[in-house]
Amino acid sequence: MHRPDMTVELAGITLRNPVMTASGTFGYGAEFAEHLDLESIGALITKGLSLRPKAGNPTPRIVETPGGMLNAIGLQNVGIDAFITEKLPYLAKVNTPVIANLYGNTLEEYGEVASRLDALPGVAGVEVNISCPNVKQGGIVFGTDPAAAQEVVRLVRRNTKKPMIVKLSPNVTDVVVMAKACADAGADALSLINTLTGMAIDLDRRRPVLANVTGGLSGPAIKPVALRMVWQVARAVKLPLIGIGGIMNGRDALEFLLAGASAVQVGTASFLDPGAAQRIAAEMEQYLVDHKIAAVASLIGALEV
């Protein structure tokens with residue numbers, strides 16, 4: 001048979017295949033250029049961008065755990081100004097959609113960053129990280145309160161015409177409630193899941209391993225939770241979904257498509273294998289060849305329950 005059609009449509013963005021890089025695990029793209037062909041994947045998502053540069057949390061801020069890792073990087077990034085002047089010129093030469101992940105500590109910051117990104121032709125879309133404390137609301141995390149999440153999404157929607165993906169936190173009672181809130185507020189797509197809150201303890205020192213005490217758990221350990229949440233949300237909202245969580249190979253990625261995701265993001269796997277995103281895309285394609293499946297899009301939501 002001919003090579004299968006690996007393209008998927010995501011909120012108006014055409015991806016050559018369903019594999020995207022997960023924010024915070026792939027730098028700004030150039031860091032991985034020697035390890036894989038940046039034009040072999042569907043889209044590249046930047047580290048989370050804030051209005052001003054951020055140094056992140058003190059070290060140690062990464063620790064390996066059974067089946068995954070905990071990180072408490074603290075959203076370290078160069079800030080929107082340096083991204084525009086130092087990072088975007090390189091990305092503009094790469095024939096792969098660039099999606100800018102953004103966050104803010106206040107509503108106003110979300111709006112300002114979104115507005116700045118809206119003016120950039122080299123950015124195909126934005127991904128909104130709502131898993132940030134709202135410093136004006138006593139430390140409430142936007143992504144765990146439906147009303148607060150809607151405020152953020154509405155504000156970003158007013159400040160950008162670009163396709164807007166909202167990244168959902170799993171640290172909630174009911175992810176479907178959050179998904180519906182973001183959909184109602186104007187999201188074009190949803191990505192899920194962000195990391196699960198966890199911690200690690202050094203028994204001999206009787207201290208937390210991470211300087212921040214808690215961190216975000218990622219890797220294969222969270223894949224069953226992520227699959228379940230994608231499946232639940234796919235049945236509740238009509239928006240395209242991006243599955244994230246423990247995707248280490250092509251079979252993992254295809255499971256997320258069956259559950260209802262239109263695309264996937266590869267994160268922790270890139271720490272083990274810097275070329276993981278390209279390899280996973282190739283493994284997905286090979287599965288389609290082996291099973292004589294003409295188009296990867298035909299698998300989206302095809303789970304038989």
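User: Which element gives the most to the lining of the second largest pocket?

Analyst: Strand E5, with 3 residues. Elements giving two or more residues to that lining are strand E5 (62–65), strand E6 (68–71) and helix H7 (269–272). Strands are DSSP runs of E with at least two residues; helices are runs of H or I with at least four, numbered from the N terminus. The model is predicted: local features need pLDDT of at least 70, side-chain atom pairs need 80 or more, and totals for chains, interfaces and linings use all residues. Residues count from 1 along each chain as its sequence is written, and side-chain values use heavy atoms, without hydrogens or water.

User: What is the volume of the second largest pocket, and which residues line it?

Analyst: About 180 Å³. Ile62, Glu64 and Thr65 are among the lining residues, as are Met69, Pro220, Met248 and Phe271.

User: Why is the Tyr28 and Phe83 pair called tilted?

Analyst: Rings of Phe, Tyr and Trp (its six-membered ring) pair if their centres lie within 6.5 Å; planes under 30 degrees apart are stacked, over 60 edge-to-face, the rest tilted. Tyr28 and Phe83 have ring centres 6.4 Å apart and planes at 45 degrees, so the pair is tilted. Tyr28 sits in the loop between strand E3 (19–21) and strand E4 (44–45), and Phe83 in helix H1 (residues 79–91), 55 residues apart.

User: What makes Tyr28 and Phe83 count as buried or exposed?

Analyst: Relative accessible area under 20% means buried, over 50% exposed, in between partly exposed (1.4 Å probe, protein chains only). Tyr28 has 6%, so Tyr28 is buried. Phe83 has 0%, so Phe83 is buried too.

User: How many aromatic pairs are there, and what describes Phe26 and Phe32?

Analyst: The structure holds 3. Phe26 and Phe32 are stacked, at 4.2 Å centre to centre and 15 degrees between the planes. Both residues are buried.

User: How do you know that the length of H3 agrees with its residue count?

Analyst: The expected span is 1.5 Å times one less than the number of residues. H3 (residues 146–159) has 14 residues, so it should span 20 Å; its end C-alpha atoms are 20 Å apart, which agrees. Among its buried residues are Ala148, Val152 and Leu155.

User: Why is Asn194 called buried, and where is it?

Analyst: Its relative accessibility is 14%, so Asn194 counts as buried. Asn194 lies in the loop between strand E12 (189–192) and strand E13 (196–199).

Technical notes. 1 Å grid on protein atoms, 1.4 Å probe; cavity = no way out; pocket = protein on both sides within 12 Å on 5 of 7 lines; lining within 4 Å. Points joined across faces, edges and corners; volume = space filled by probe spheres on them.
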